[in-house]
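Open the model in your viewer and keep the selection tool at hand. The tour goes stop by stop.

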Amino acid sequence: MARKKKLTKKDIKNAEARDLEEWNIAENNWRRYERARDSGHLDWVEMAKKCDAFYRGDQWQLADKQSLEMQGRPALTINTILSTINTVLGEQTLKRGMVAFKPKRTGSEQTAVVLNKLYNVIHDQNDMTYKESQVFSDGLIQDRGYFEVGIDFSNNIEGEVKITVEDPLDIYIDPDAKDADPDTWQEVMKSRWLSMNEIELLYGTDKVDKLRALVDGNQYYGPDSIYVTHNRFGDSPDSWMGPYNAAFLPEHEQRQIRRVRVIERQHKIPYKCWYFVNPEHGDMAKIPESWDEEKIANHAQQYGLMRIPREEMKIRYTITCDKVVLYDNWSIYPFFTIVPYFPYFRRGRPFGMVRNLISPQEQLNKVSSQELHVVNTTANSGWVVESGSLANMDVDDLEQNGAATGLVLEFHKGSQPPSKIPPNQIPTGLERIGLKAAMNIKEISGISDAMLGQSPASVSGVALESKQERGAVQIQVAIDNLNRSRAVLAKRVLHLVQEYYDNPRVFYITENDMENPQAMEVNKQMPDGSTWNDLSIGDYDIDVTSQPARDVYSDKQFAEAMALRAAGVVIPDAYVIEYSHLENKRAIAEQVRKLTGTADPTEEEMKLQQAMRDVQFKQLELQMQQMRASIENLQSDTALKMAKAKTEMFSDDELQLKELELQAKQLMNVQDNITKLQIADMNSDKELAAKQLENQTRVATARIRADQQKSTDALKGSVDLQKIKADMLSRSKPNE
């Protein structure tokens, strides 16, 4: 049996130093949490819960509702906040964000296109369409919404970008922050309650033992840090030992840890680092911490760079639970992983839309309840009855059934008939107050009747559309702030892609054609040593715009296509079908292309077309050979006739000349017709070959015409010479 190593005084001293350091870290983390908690966070939590309750329709305080019920008065809830907020949420749903990367001086256009496609893949993998709506609704209702972005290694050992939505109540922002940009904050915290099993799974058994020791020694911070239940002798549902043995346990063993508060704090600490500097342009780049001195020196010498030290803020990630440090190290990210969304932000005070609608909503509920109470009291205002005058009932029966339909009252002859007490009139100002409360909700939120779809039928379509556009302007601030959060999120995703997506990967891009995904390779090593679609280099700007959702976009495209066709613009049927909502629109559009002859040919059709083109080219080549032979025969006949023309009479030469010209014209016409016919039969995909053949034919035709012209000129010259000789001969005869 191995003997345990005896601890020395140095070991004990080092252990005590480590414990003291850990205690200081945990103590500092807890104090920072307390400061953020007590600097308005708890007050905001109460307001956020109230705003959420008003959106859900829980708009009466319990004490007020019970008091009204005891008095027999109604407590109505006219939840106009629900329709108002849902209208704004619908506007966000109809206008999705579009993120585009634009290259700077060191970026490339091709890589920017790849980054745009890759961002869409990451967007779809993380279901960002629904997560954005969740964060947007959190901001409108509870003043704040949060994304969290990081690298996840659970499905891919090399890491994938993962984006989640955090509960706004769990996030504690820097109390000193005055800007909505998280890069200007000094810290951000996330607090959550975990069970002991989760602590053991995430951080190990030794952390669980330390937490149990704190509880056993009553050394923890209190119920806000560790939630402990006390087991009793069978009278508590929290008893985990049963009703027999729990009472006989010591006091410290009768307590069970239900939940512990885990504080995840990201905070900035000054840190000394080194940068490469280009002495010619002044550009700077941070030296990776993983590089050793030799690699740094070689890189600096190779590119002529200088090294300078700089002090900057670096992010530290500290996770504690009460006085136990679960994790404390430098963050692997150069930014806070929390990305906030604030619909409205004024100097460190974010707020949403529901907060300002609570007062008019409460006013509307109370006025509507009071109005209903007045109506109820007027329906049974009471009776005036002479004593002993009723014959078929007594006063108690009249009190119970006096408001029943079809009531028959019988009274004694000679007595005063019963009369109903005149009811109180509804105050004229009560209804006006209710209308004002409803109008205040619309004016504060900026949601008009046109946006709610409640405009009267007399309003024209143009006016209705104009009112809807003006209403959209009222909520544009909240949409712009959402675009700002999208830009911050895209900036972090870009950094993660360039940092962790540095290995060869293949992504499948669907874009608008959901049925035909295409493979896209990134960081592919080429034979020449270069990298295809290298994502790790380059600087890029981020542009965020809004565009209609996919379904709405298709509807608008279909409507515009039909309008253009009605205006006379020739738009192919296949494109119109693809913008429709038919179930098999891709197959229908492809069938239409086949019927109209505009579809891409199949492999069999391409082979058949190639065979037909080969036959046509062979026929054309044979015709060209026959044409060349005819030209050669014609040239021979022309030369022979020219030789004979020198010795024959003028009339015969002139006749032969005309015959020769006629034959040449016929030959040219035949050749032109053959060329036109062959060019017309050429397919569009062989247009280049047809043009080349046409040029060759034109060259051959030009040569034939040139030779013919030479022959004609020579023959004409011979005829002219014969004429001159004949004239000279005729003039010389009389002299003789």
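A residue counts as buried when its relative accessible area is under 20%. Keep in mind that this is a predicted model.

**Stop 1: helix α3**

Select residues 80–94, which form helix α3. The helix has 15 residues. From first C-alpha to last it reaches 21 Å, close to the 21 Å expected at 1.5 Å a residue. Now colour its buried residues: Ile81, Thr84, Ile85, Thr87, Val88, Leu89 and Gln92.

**Stop 2: Gln142 in α5**

Move to helix α5, residues 128–142, and pick Gln142. Is Gln142 buried or exposed? Its relative accessible area is 9%, so Gln142 is buried, the cut-off being under 20%. Show what Gln142 touches beyond four places in sequence: Trp44, Ala48, Asp52, Ser137 and Pro168.

**Stop 3: strand β3**

Select residues 160–166, strand β3, and highlight Val165. Val165 is partly exposed, with a relative accessible area of 28%. Next, draw a C-alpha to C-alpha distance from Val165 to Glu148: 6.2 Å in space, 17 residues apart in sequence. Leaving aside neighbours within four places in sequence, the contacts of Val165 are Lys131, Gln134, Val135, Asp138 and Tyr146.

Stay on β3 and click Lys162. Lys162 is also partly exposed, at 41% relative accessibility. Which residues does Lys162 touch, not counting those up to four places away in sequence? They are Asn126, Glu148, Val149, Gly150 and Asp152.

**Stop 4: the largest pocket**

Show the surface and go to the largest pocket, with about 2300 Å³ of space. To centre the view, select Ala285, Lys286, Pro334, His495 and Glu499, the closest to the pocket centre among its 46 lining residues. Then colour the elements that give two or more residues to the lining: β7 (255–277), β8 (284–286), α8 (293–303), β9 (306–321), α14 (476–500) and β20 (540–548). Which element gives the most to the lining? Helix α14 does, with eight residues.

Finish by colouring the lining by class. There are 23 nonpolar, nine polar and 14 charged residues.

Conventions. Residues are numbered from 1 along each chain as its sequence is written. This is a predicted model: local features need pLDDT of at least 70, side-chain atom pairs count only at pLDDT 80 or more; totals for chains, interfaces and linings use all residues. Side-chain values use heavy atoms; hydrogens and water are left out. On a 1 Å grid over the protein atoms alone, a cavity is a set of points where a 1.4 Å probe fits but cannot get out, and a pocket is an open set with protein on both sides within 12 Å along at least five of seven lines; lining residues have an atom within 4 Å of a point. Grid points are joined across faces, edges and corners, and a volume is the space filled by probe spheres set on the points. Helices (H or I, at least four residues) and strands (E, at least two) are DSSP runs, numbered from the N terminus. Ala, Val, Leu, Ile, Met, Phe, Trp, Tyr, Cys and Pro count as nonpolar, Asp, Glu, Lys and Arg as charged, and the others, Gly among them, as polar. Buried means under 20% relative accessible area, exposed over 50%, partly exposed in between (1.4 Å probe, protein chains only). Contact means heavy atoms within 4.5 Å. The expected span of a helix is 1.5 Å times one less than its number of residues.
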